[in-house]
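Colleague: I have this one open on my screen and want a quick tour. Can you walk me through it?

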Amino acid sequence: MSDRGVLLLNLGSPASTEVADVRRYLNQFLMDPCVVDLPWPARRLLVSLILLRRPRESAAAYASIWWQEGSPLVVISRRVRDQLRARLDMPVELAMRYGEPSVEQGILALAEQGVGEILLMHQYPQFADSTITTSIREAQRVIAKHGLKIRVTVLPAFHDRADYLDALVASAQPHLQHGFDHLLFSYHGLPERHLRKVDPTGGHCLATADCCERPSPAHATCYRAQCSGVSRAFAERVGLQPSQWSMAFQSRLGRDKWIEPYTEATLDELAARGVKRLLVMCPAFTADCIETLEEIGDRGREQFLAAGGEELVLVPCLNDYPQWMDTLANWARNEPVGA
Ligand SMILES: C=CC1=C(C)c2cc3[nH]c(cc4nc(cc5[nH]c(cc1n2)c(C)c5CCC(=O)O)C(CCC(=O)O)=C4C)c(C)c3C=C
Ligand SMILES: [Fe+2]
Ligand SMILES: [Fe+2]
């Protein structure tokens with residue numbers, strides 16, 4: 001009998017839309033060295049500067065998409081946890097890397113239920129230090145702090161798993177059938193430095209414009225190549241021609257160069273090219289959140305319409321789509337120990 005428990009993990013949200021709560025959340029998030037990867041004094045200075053204005057702006061953005069029960073990301077994650085509990089004969093706890101329920105609360109809850117192994121089931125299709133690495137480090141920190149005798153199995157980034165891609169296609173079908181001129185895949189962005197830093201070849205990532213289309217061992221940790229792979233696999237599965245879809249990166253913060261093209265510029269370009277009915281999918285996220293609902297669904301739509309587009313339809317994330325819930329439950333049962 002398996003002694004596995006599942007720690008379902010996502011990024012997390014502020015406790016409320018109050019500016020003070022948003023400031024606390026942003027401080028915890030941005031002071032993570034996996035997110036703002038500067039030495040402590042420079043990180044502290046930069047984050048303190050960001051915290052002068054950002055909490056008020058982000059609080060207003062959160063308020064515009066907040067649900068009765070709380071942050072969409074957290075509410076959806078609770079639904080996923082409940083769906084997994086209904087499907088699985090093992091303990092399932094929810095954790096958020098920032099905010100609550102914390103990774104510490106989640107792991108202690110699993111420890112109390114006597115698990116010997118935790119499957120760290122993060123919700124990130126693509127690898128990044130700022131998502132997967134930081135979650136692993138936090139789980140290890142908590143286990144060491146409490147002296148727990150628990151093994152951790154980490155779900156690898158699942159961008160290329162057929163069952164993930166199948167669920168993504170199936171969940172998007174109603175929107176694909178609605179009719180559209182162009183499909184834009186908009187992924188969360190990353191500073192280019194983050195990509196170069198984890199490139200094991202030391203010279204592949206971003207060395208050429210088409211690096212992500214040329215096979216390389218660097219792609220095992222290349223966020224951009226993995227986004228590109230998801231977009232191509234999706235387009236192939238639904239029979240789209242290359243001219244019918246494109247890929248861009250959103251959510252840039254600060255002055256560093258982030259991976260391109262930027263979603264904001266792409267929305268204007270598509271409208272200028274005569275695209276009237278635009279579908280947007282955000283496959284870096286498995287659950288809808290401020291980045292999808294506010295940045296694309298509200299601000300992106302407004303921008304696209306102002307630039308001459310007629311309709312922007314945001315395809316919901318996988319959320320608690322039943323086929324996706326079945327997929328996660330299968331992974332929980334079958335993921336090899338220690339993978
Ligand atoms: C340096 C800054 C950031 C990096 C790097 C980054 C990477 C990254 N983030 C996600 C997923 C999510 N990010 C979300 C919100 C969010 N992200 C940043 C900054 C960086 N993210 C900020 C400041 C915020 C907060 C909102 C804001 O003020 O704009 C969210 C949504 C959270 C929610 O409550 O809804 C998610 C999810 C990924 C996948 C990623 C790297 C690939
Ligand atoms: Fe982010
Ligand atoms: Fe690349």
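Modeller: Asn319 counts as partly exposed, because it has 18 C-beta neighbours inside 10 Å. Keep in mind that this is a predicted model.

Colleague: Where is Asn319 found?

Modeller: Look in the loop between β8 (311-314) and α11.

Colleague: Which other residue has a positive phi although it is not a glycine?

Modeller: Leu206, with a phi of about 70°. Its place is in the loop between α7 (192-197) and α8 (223-238).

Colleague: Why does Leu206 count as partly exposed?

Modeller: Because Leu206 has 19 C-beta neighbours inside 10 Å. The cut-off for buried is 20 or more.

Colleague: Now peptide bonds. Which residues are joined by a cis peptide bond?

Modeller: One cis bond joins Glu100 and Pro101, with omega about -5°. Another joins Glu260 and Pro261, with omega about 0°. Most peptide bonds are trans.

Colleague: Where do I find the two prolines, Pro101 and Pro261?

Modeller: Pro101 is in the loop between β2 (92-96) and α4 (103-112). Pro261 is in the loop between β6 (245-250) and α9 (263-272).

Colleague: Let's zoom out. What domains does the assignment give?

Modeller: Domain 1 covers 4-158 + 322-334, and domain 2 covers 162-314. That comes from the domain assignment of the protein chain.

Colleague: How many Å apart are the C-alpha centres of domain 1 and domain 2?

Modeller: The two centres lie 23 Å apart.

Colleague: And how many residues are in contact across the two domains?

Modeller: 22 residues of domain 1 are in contact with 23 residues of domain 2.

Colleague: Which elements supply the side of domain 1 that touches domain 2?

Modeller: α2 (40-65), α3 (72-87), α5 (129-145) and α11 (322-334) each supply at least two residues. The residues on that side of domain 1 divide into 12 nonpolar, 8 polar and 2 charged.

Colleague: Next, strand β3 (residues 117-122). Is β3 mostly covered or mostly open?

Modeller: Mostly covered: 5 of the 6 residues in β3 are buried.

Colleague: What does β3 pair with?

Modeller: Strand β1 (residues 4-10) pairs with β3 in the parallel sense, over 6 bridges. Strand β4 (residues 151-154) also pairs with β3 in the parallel sense, over 4 bridges.

Colleague: Last topic, the core. Which residues of the largest nonpolar core touch the most other members?

Modeller: Val6, Leu7, Leu8, Met121, Leu278 and Val280, out of 95 residues in that core. At least three residues of this core come from each of domain 1 (4-158 + 322-334) and domain 2 (162-314).

Colleague: Leaving out residues up to four places away in sequence, what does Val280 touch?

Modeller: Val280 touches Leu184, Ser186, Ile296, Gly300, Leu312, Leu314 and Val315.

Methods:
Residues are numbered from 1 along each chain as its sequence is written. Chains are lettered from A and ligands numbered from 1 in the order in which they are written. This is a predicted model: local features need pLDDT of at least 70, side-chain atom pairs count only at pLDDT 80 or more; totals for chains, interfaces and linings use all residues. Domain bounds come from an automatic or database domain assignment. Two residues are in contact if their C-beta atoms, placed from the backbone, lie within 7 Å. Ala, Val, Leu, Ile, Met, Phe, Trp, Tyr, Cys and Pro count as nonpolar, Asp, Glu, Lys and Arg as charged, and the others, Gly among them, as polar. A residue is buried if 20 or more other C-beta atoms lie within 10 Å of its own, exposed if 12 or fewer, and partly exposed in between; C-beta atoms are placed from the backbone. Two strands pair if DSSP finds at least two bridges between them. A nonpolar core is a set of buried Ala, Val, Leu, Ile, Met, Phe, Trp, Tyr and Cys residues joined through C-beta atoms within 7 Å.
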